[in-house]
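Here is a short report for a first look at this structure. Please keep the model in view while reading.

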Amino acid sequence: MHCDVLIAGGGPAGLAAAIALRQRGADVLLADALRPPIDKACGEGLMPDSHRDLARLGVDLRAGGGAEFRGMVFADEGARVSADFPQGPGIGMRRTALQRLLVDRASELGVRMLWNTPLLAKNGRLLIAGNCCHYRWLVGADGLGSRLRAWAGLETGTIRSRRYGFRAHFRVAPWGPHVEVHWGRLGQACITPVGSQEISVSAMSRIPGVRLGDVVGAIPFLCGKLAGAAQTTRERGSLTVTRQLARVTLGNVALVGDASGSIDAITGEGLALGFRQALLLAESLEAGGLEPYEAGHSGILALPRRMAALLLRMDGAPWLRRRALEAMAARPELFRGLLAVHVGHEPLSRFVLRHGAKAGILLLPGRRQATGAA
Ligand SMILES: Cc1cc2nc3c(=O)[nH]c(=O)nc-3n(C[C@H](O)[C@H](O)[C@H](O)COP(=O)(O)OP(=O)(O)OC[C@H]3O[C@@H](n4cnc5c(N)ncnc54)[C@H](O)[C@@H]3O)c2cc1C
């Protein structure tokens, strides 16, 4: 087997990288351990900037169904704030539908795809279905627990948070035009509309053993909304980790998506980050090497990491969350501004200048939950 670029992993980041590289003329071979449709625990919210990046890849999100959402709600038992995105809606879409769109586009461009085919390391060499593969560049897009990352010697880094995540679907008409994040005693639940009669319910918790039903069950508002709604898919689980790596490239190996460092799921940014990284990687390789990708990768993750720290702070200290939600409820422009920063529409510095001390309370750096080798 020969190719210019070998990609391990056919999740959203691996497929986006395959498309971006193929668009620039590379001969791409992608292998995934599973067979489509590949599902995963995920809140399934695509932030508004995903439209732009996927359009650059030639993927039209509207062809995948789903449901648009025009902003976010943050709520706990005592306070609720909502705001719309400044640059148009995001879209909630089943992971399986998103994967179908990406696979169709990759195959239209001539990406070679091997499914049910894990990449395995043996005696220091990578094997695909028992065979050696000759490649110029190797891309690790094999997700949070990336084996390729370890194989390539790119594990060094810091883990800032680690929580448990879950997701299932329910047959019920979305009751509002926003993605809703509800904080409760056991964690957060996130509601994303994914169809006219279906919502995706995801939950994140720090507590071992807690499941989706426990988190939702501790949030009376959601218990009311979901009472009697049929669960249409089985519950899936995954860790959600905020991880920063020291490097994301070494020699002829590059990491993209969750394999290259991740942020807590509460930000709803994981998919959008993978698309941005894929585009940057393709530009970088077309320019002749991985240096521009290494240099630009940390910039892509900087703001989302900051937002993850803020949201995890709100999660860890209920008194702080209450204060922040009440401050934003009293001054709706504060939440609107924060959302504009979150989706990259406004620089953080302008938000801080405009809102002064109030912004400072929200943006103080988060405490590290755990540190050490990632
Ligand atoms: C509870 C929860 C809610 C979330 N909500 C959102 C949200 O609303 N919006 C958002 O943008 N993000 C969300 N995320 C984050 C998002 O799911 C991830 O950022 C995204 O899936 C990362 O994509 P990826 O392609 O890097 O990895 P993955 O989607 O994990 O794909 C990795 C692929 O690699 C394959 N693979 C693994 N090992 C091998 C191997 N050895 N050989 C070949 N293939 C291999 C796997 O089969 C898989 O297909 C959420 C995450 C969680 C846990």
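At what angle do α1 and α7 pack, and how far apart are their axes?

## Two packed helices

This is a predicted model. In it, α1 and α7 pack at an angle of about 30°. Their axes lie 8 Å apart. Angles under 35 degrees count as roughly parallel, so α1 and α7 are roughly parallel to each other. The crossing of α1 past α7 is right-handed.

On the α1 side, the contact includes Pro12, Ala13, Ala16 and Leu21.

## Around the ligand

The shell around the ligand has 40 residues. Gly11, Gly43, Gly165, Gly257 and Gly270 come nearest. By type, the shell divides into 17 nonpolar, 15 polar and eight charged residues.

Which elements supply at least two residues of the shell? They are α1 (12–23), β13 (157–171), β16 (198–205), β18 (236–245) and α7 (270–286). The largest share, four residues, comes from α7.

## A six-stranded sheet

Strands of a sheet pair through backbone hydrogen bonds, either parallel or antiparallel. Here, six strands form an open sheet with mixed pairing. Their order is β8-β2-β1-β12-β20-β19. The edge strands are β8 (112–114) and β19 (249–250). Each of these pairs on one side only.

Within the sheet, β1 (residues 2–8) and β2 (residues 28–31) pair in the parallel sense. Four bridges join β1 and β2. Leucine 6 stands opposite leucine 29 in β2.

Definitions and conventions:
Residues are numbered from 1 along each chain as its sequence is written. This is a predicted model: local features need pLDDT of at least 70, side-chain atom pairs count only at pLDDT 80 or more; totals for chains, interfaces and linings use all residues. A residue is near a molecule or strand if its C-beta atom, placed from the backbone, lies within 6 Å of it. Ala, Val, Leu, Ile, Met, Phe, Trp, Tyr, Cys and Pro count as nonpolar, Asp, Glu, Lys and Arg as charged, and the others, Gly among them, as polar. Axes are lines fitted to C-alpha atoms, for helices over the stretch in contact, and angles run from 0 to 180 degrees between N-to-C directions. Angles under 35 degrees count as roughly parallel, over 145 as roughly antiparallel, 65 to 115 as roughly perpendicular and the rest as oblique. A crossing is left-handed if the near helix is turned anticlockwise from the far one by less than a right angle, and right-handed if clockwise. Two residues are in contact if their C-beta atoms, placed from the backbone, lie within 7 Å. Two strands pair if DSSP finds at least two bridges between them.
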